[in-house]
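Reader: Can you walk me through a structure? I'd like to start with the pockets.

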Amino acid sequence: MYASLMTDLIDVRVSPEQAATLAHRHGFVGLDLRLNDDDAPQTAAQAEPIRRRMDELGLRAGYCSILPGKFSADADEWSRHRVRLEARCAVAQALGFTRTCAVVLPFHPTLAFDDAMDLHRTRLDDVLPVLAQHGIALGLEYVSPITRRADQPNEFIHDLAGMLDLIERAGRPEHLGLLLDTFHWHCAGESEHDLAALPASRVVGVHLNDAIADRPTERQRVDERELPGATGVIDLAGFMRGLRRAGYAGPISSEPSHPRWKTVDPDDACAQTGRAVRDAIALAAPGSGSDAA
């Protein structure tokens with residue numbers, strides 16, 4: 001496992017080259033990038049300066065965003081992204097990325113569960129062959145807090161079991177897996193053993209966070225999360241043990257979404273995040289002290 005940085009998850013808005021510099025300065029081994037917006041390089045040639053900078057600094061590719069951030073995007077948004085998928089995959093491949101991720105929302109605004117499942121399966125059938133041609137695996141992230149689906153008309157997948165069912169139905173196990181997040185794992189009431197039972201190939205990416213202290217699980221919110229280990233609400237050691245037992249060896253990022261990042265200096269934000277992620281990875285080492293379940 002290695003620490004990887006996506007700067008905008010801590011509200012640091014910089015160019016990919018600047019993000020690479022920050023990652024290297026603050027002890028990250030990998031770099032995550034968004035390649036699904038208008039500011040991203042549109043061709044492999046445009047991506048070359050980023051690749052050179054990553055190579056100069058010895059940074060590995062973590063994961064990138066290629067598809068719409070939300071897999072249930074409306075038809076117009078999906079089409080806008082789909083038409084650019086081949087080009088984005090070429091850019092990702094030029095940069096050395098073999099992992100991309102997207103979010104599966106725990107509700108759908110118009111479709112009942114079975115229809116939403118069909119939509120997701122159809123979209124997976126559409127994009128997975130393209131990703132596979134470029135050697136890129138897709139990780140889907142479930143979103144578990146009750147607050148994210150409360151008052152929505154059509155509840156959808158919001159836990160590990162539901163996501164594994166969708167992956168099974170998609171029928172392309174070698175190119176499809178999970179983006180695991182400690183926050184969603186915690187809010188879903190899942191365990192270390194649930195993670196340990198996963199094959200390593202099923203985990204594409206990992207986000208580490210902590211929950212807000214003195215707040216019941218049913219009131220936790222996705223826009224208010226802390227750095228991993230900051231509050232101790234989430235069993236970070238158990239999560240990391242589960243990943244180790246599953247054999248995961250990929251990038252570890254942090255998504256401590258919280259308004260406080262707007263007031264933190266970018267260098268300090270990256271430094272705080274780097275320390276927290278490295279400390280978390282150390283918990284997965286055999287003999288670290290976290291083995292005492």
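Author: Here is a short tour of the pockets, then one glycine. Keep in mind that this is a predicted model.

Reader: OK. How much space lies in the largest pocket?

Author: About 780 Å³. Its lining has 36 residues. Leu9, Arg34, Lys70, Arg225 and Glu255 lie nearest the centre.

Reader: Which elements give two or more residues to that lining?

Author: Strand S3 (60-65), helix H3 (75-82) and strand S4 (99-104). S4 has the largest share, with three residues.

Reader: And how do the residues of that lining divide into nonpolar, polar and charged?

Author: There are 15 nonpolar, nine polar and twelve charged.

Reader: Next one. What about the second largest pocket?

Author: That pocket holds about 300 Å³ of space. It is lined by 16 residues. Closest to its centre are Thr7, Val14, Pro16, Arg34 and Asp37.

Reader: Which elements give two or more residues there?

Author: Helix H1 (16-25) and strand S2 (30-34) do. S2 gives the most, three residues. By type, the lining has eight nonpolar, two polar and six charged residues.

Reader: Switching topic. Where does Gly229 lie?

Author: In the loop between strand S7 (203-208) and helix H10 (236-246).

Reader: What does Gly229 touch, leaving out residues up to four places away in sequence?

Author: Asp210 and Leu236.

Reader: And how far is Gly229 from Ala211?

Author: They are 18 residues apart in sequence. In space, the C-alpha to C-alpha distance is 9.1 Å.

Note on methods:
Residues are numbered from 1 along each chain as its sequence is written. This is a predicted model: local features need pLDDT of at least 70, side-chain atom pairs count only at pLDDT 80 or more; totals for chains, interfaces and linings use all residues. Side-chain values use heavy atoms; hydrogens and water are left out. Helices (H or I, at least four residues) and strands (E, at least two) are DSSP runs, numbered from the N terminus. Contact means heavy atoms within 4.5 Å. On a 1 Å grid over the protein atoms alone, a cavity is a set of points where a 1.4 Å probe fits but cannot get out, and a pocket is an open set with protein on both sides within 12 Å along at least five of seven lines; lining residues have an atom within 4 Å of a point. Grid points are joined across faces, edges and corners, and a volume is the space filled by probe spheres set on the points. Ala, Val, Leu, Ile, Met, Phe, Trp, Tyr, Cys and Pro count as nonpolar, Asp, Glu, Lys and Arg as charged, and the others, Gly among them, as polar.
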